[in-house]
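Thanks for coming. I'll go through one structure today, strand by strand, and then turn to a pocket and a few side chains.

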Amino acid sequence: IAGLINLDFGGFQIGGHYAINDVEGGGDADSYMGGVAFGPFGIYGGVSPAVGRDPLLVEAYYNLELNEFFTLTPALIYADNDSGSDDNFYGAVRAQFSF
């Protein structure tokens, strides 16, 4: 079961979600995220689904509209794996094709 909300105020957006995930054998792995976007720049963060722990995830991104059909979105992702080992930073690039 999950819920998602996104409020668009023109050049400013606020959004978030909450998901309930029952785990086979007992327990749950609920997750929630929230974020804001200002034009092409956005940042969001929250807790990813995991049993018995609450790993934090934060992502900052920038949408580059190259033309009306193609958008690239580079992102920097921080993941606190909540298991006592080192935190992690990742880079990602998403491509969106519109037809």
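Let's start with S1 and S2, which pair antiparallel over seven bridges. Strands here, like helices, are DSSP runs numbered from the N terminus, with at least two residues in state E for a strand and at least four in H or I for a helix. Two strands count as paired if DSSP finds at least two bridges between them. Before I go on: this is a predicted model, where local features need pLDDT of at least 70, side-chain atom pairs count only at pLDDT 80 or more, and totals for chains, interfaces and linings use all residues. Residues are numbered from 1 along each chain as its sequence is written, and side-chain values use heavy atoms, with hydrogens and water left out.

Leucine 7 has isoleucine 14 in S2 as its bridge partner. Three residues sit between the strands of the S1 and S2 hairpin, where glycine 10 takes a positive phi near 85°.

Next, S2 and S3. These two are antiparallel and joined by eight bridges. Phenylalanine 12 is opposite phenylalanine 38 in S3, and histidine 17 is opposite methionine 33 in S3.

S3 then pairs with S4, again running antiparallel, with seven bridges. Tyrosine 32 has valine 47 of S4 as its bridge partner. The hairpin of S3 and S4 has two residues between the strands, and glycine 39 there has a positive phi near 60°.

Contact means heavy atoms within 4.5 Å. Serine 31 is buried, at 6% relative accessibility. The cut-offs, with a 1.4 Å probe and protein chains only, are under 20% relative accessible area for buried, over 50% for exposed, and partly exposed in between.

The largest pocket has a volume of about 290 Å³. It is lined by 16 residues, and those closest to its centre are Asn6, Gly15, Gly35, Tyr44 and Tyr61. Strands S1 (2-8), S2 (12-19), S3 (31-38) and S4 (41-47) are the elements that each give two or more residues to the lining. A pocket is an open set of points on a 1 Å grid over the protein atoms alone, where a 1.4 Å probe fits, with protein on both sides within 12 Å along at least five of seven lines; lining residues have an atom within 4 Å of a point. The volume is the space filled by probe spheres set on the points. By type, the lining has nine nonpolar residues, seven polar and no charged.

How many salt bridges does a search of the whole structure find? One. A salt bridge here is a side-chain nitrogen of Lys or Arg within 4 Å of a carboxyl oxygen of Asp or Glu. The pair is glutamate 59 and arginine 94, at 2.7 Å, N to O. Glutamate 59 is in strand S5 (residues 56-62) and arginine 94 in strand S8 (residues 88-97), so the pair ties together parts 35 residues apart in sequence. Glutamate 59 is buried, at 3%, while arginine 94 is partly exposed, at 39%.

Last, leucine 76, in strand S7 (residues 70-80). Not counting residues up to four places away in sequence, leucine 76 touches Val58, Glu59, Ala60, Phe89 and Tyr90. That list includes Glu59, the salt-bridge glutamate.

Notes:
Ala, Val, Leu, Ile, Met, Phe, Trp, Tyr, Cys and Pro count as nonpolar, Asp, Glu, Lys and Arg as charged, and the others, Gly among them, as polar.
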